[in-house]
Amino acid sequence: MTKQKPGLNTICTHVGEVADKQFKGAISPIYMSTSYAYEDVDVKRYPRYFNTPNQEMLGKKIAALEGTEAGMVFGSGMAAVSTALLAFLNAGDHIVLQKTLYGGTFNLVEEEFSKMGIEYTFTDGLQKADFEKAIQTNTKVVYIETPSNPLMTVTDMKMVSELAKSKGIVSMIDNTFASPVNQNPAEFGIDVIIHSATKYMGGHSDILAGAVAASAAHMEQIWHKAKNLGGSLSDFTVWMLERSLKTLVLRVKQQNRNAKKLAKWLNQNTHIKAVYYPGLKSHPDYALAKSQMSGFGGMLSFELADELDAEAFLKELKLIKPSMSLAGVESTILSPAQTSHALLSAEERAHQGIADGLLRFSVGIEDKADLIADLEQALEKVVKDSLNFSL
């Protein structure tokens with residue numbers, strides 16, 4: 001009889017628990033020690049080796065959520081991104097990256113890779129021909145992000161993975177915006193899956209963490225680089241992340257529902273110029289998103305009508321918080337040009353299609369009627385101010 005794979009909520013709640021063998025507590029105990037015995041032990045444990053009890057078991061939960069053989073947690077999303085990339089790239093190697101990426105990843109590549117002798121190419125678009133054109137004889141990694149930050153472009157994961165495999169290239173994805181609830185890239189053949197666990201995995205805007213999931217062989221290569229770079233995570237934060245993951249599915253599904261409703265409302269509002277959300281049928285990648293996502297996510301972006309002041313709009317919001325990060329249970333909003341993509345030049349942002357007035361909206365778990373009411377009252381005020389100014 002085939003053993004049934006546990007459901008996502010069961011994985012979130014039970015897989016990767018640290019058993020409390022002494023007191024039989026219902027939750028994982030925290031092992032805060034930075035020094036462990038090395039004699040007569042199966043594993044020589046040390047926090048920088050990513051193998052304390054809490055680190056090791058949380059890695060198993062991450063792997064179970066993504067359907068891979070192994071997982072690791074890091075001190076931040078960028079620690080996860082940089083370590084995973086550098087595990088497979090050396091001087092003289094080349095990487096292909098999709099055109100639309102998180103600003104921190106773009107900046108890492110632009111500022112650091114040339115110093116290391118690593119060559120790189122950003123694709124002109126997201127079609128197979130764009131990736132094929134960018135691949136060189138020394139290409140070792142293809143890196144994508146879908147849905148992308150902040151324009152919610154969608155990349156065909158199966159196409160990328162098959163192209164990479166045909167040429168012996170490692171494929172990587174930033175799966176932060178989708179979360180393991182909405183998308184499992186391993187099912188489409190992607191080799192290495194990266195998360196800023198600060199976001200949906202943490203979900204409460206109170207921890208900083210990263211995560212990587214991959215095969216055991218790929219993870220072994222990442223681990224060898226990770227222990228040298230030192231981007232490990234404190235065990236208290238590891239414990240906090242494990243606690244937060246228990247409600248991941250519940251949170252994300254509510255955020256999915258809210259975001260889809262709000263995207264439709266914004267899309268029908270005459271004062272909104274454009275809405276970017278893969279769950280809208282008007283989104284150019286809707287069919288692709290539907291084919292590879294089980295939910296469309298809690299992230300969307302939009303632009304106000306040209307005559308409206310985006311900064312004034314943010315200041316009028318009462319419930320939705322203008323705030324730097326995303327994916328918490330509370331709804332937040334920001335200007336990518338001033339925050340997540342501020343390190344890019346105006347020309348680089350324009351190349352990615354990021355307008356200065358673009359607003360990225362991380363939809364929380366609040367009642368959708370209250371979120372709509374907040375957007376509505378803020379819009380009414382900036383529209384009124386615009387009319388008064390024109391007079």
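**Loops, buried spots and charged surfaces in a predicted model**

P147 sits in the loop that runs between β4 (139-145) and α6 (157-166). The peptide bond that joins T146 to P147 is cis, with an omega of about -10°. P150 is found in the loop between β4 and α6 as well, and here too there is a cis bond: the one from N149 to P150, where omega is near 10°.

Backbone angles also pick out two residues elsewhere. D40, which is found in the loop between α1 and α2, has a phi near 55°, a positive value in a residue that isn't glycine. D40 counts as exposed because its relative accessibility is 87%, with the cut-off for that label at over 50%. A327 is another non-glycine residue with a positive phi, near 75°. At 0% relative accessibility, A327 counts as buried.

The side chain of S362 reaches the backbone nitrogen of A327 at 2.7 Å. S362 belongs to strand β12 (residues 358-362), and because its relative accessibility is 1%, S362 counts as buried. Another buried residue is N107, with a relative accessibility of 15%. N107 is part of helix α4 (residues 103-113). Along the chain, N107 and H341 are 234 residues apart, yet a separation of 8.9 Å is what lies between their C-alpha atoms.

Turning to charges, the structure holds nine salt bridges. One of them pairs D124 with K133, with 3.1 Å between the closest N and O atoms. In this pair D124 is partly exposed, at 47% relative accessibility, while K133 is exposed, at 64%. Another brings the side chains of D306 and K273 together, at 3.0 Å from N to O. Since K381 lies in helix α14 and E316 in helix α12, the pair ties together parts that are 65 residues apart in sequence. K381 is partly exposed, its relative accessible area being 34%.

K253, R257, K260, K261, K264, K281, K290 and K368 form a positive surface patch. Helix α10 (residues 248-267) supplies the largest share of this positive patch, five residues. K368, on the other hand, lies in helix α14 (residues 368-390). With a relative accessible area of 39%, K368 is partly exposed; patch residues need over 30%, so K368 clears that cut-off.

The surface also has a nonpolar patch. I30, M32 and F236 make this one, and its area is about 270 Å². M32 has its place in the loop between α1 (8-14) and α2 (53-66), the loop where D40 is found too.

Technical notes: Residues are numbered from 1 along each chain as its sequence is written. This is a predicted model: local features need pLDDT of at least 70, side-chain atom pairs count only at pLDDT 80 or more; totals for chains, interfaces and linings use all residues. Side-chain values use heavy atoms; hydrogens and water are left out. Patches are made of residues with over 30% relative accessible area and no salt bridge: like charges are joined within 9 Å, nonpolar side chains (Val, Leu, Ile, Met, Phe, Trp, Tyr) within 5 Å. Accessible areas come from the Shrake-Rupley method with a 1.4 Å probe; for residues, only the protein chains shown count as cover. A salt bridge is a side-chain nitrogen of Lys or Arg within 4 Å of a carboxyl oxygen of Asp or Glu. Lys and Arg count as positive and Asp and Glu as negative; His and the chain ends are not counted. The place of a charge is taken as NZ of Lys, CZ of Arg, CG of Asp or CD of Glu. Helices (H or I, at least four residues) and strands (E, at least two) are DSSP runs, numbered from the N terminus. Buried means under 20% relative accessible area, exposed over 50%, partly exposed in between (1.4 Å probe, protein chains only). A polar contact is a pair of N or O atoms within 3.5 Å; within protein, one must be able to donate a hydrogen and the other to accept it, and residues adjacent in sequence count only if both atoms are side-chain atoms.
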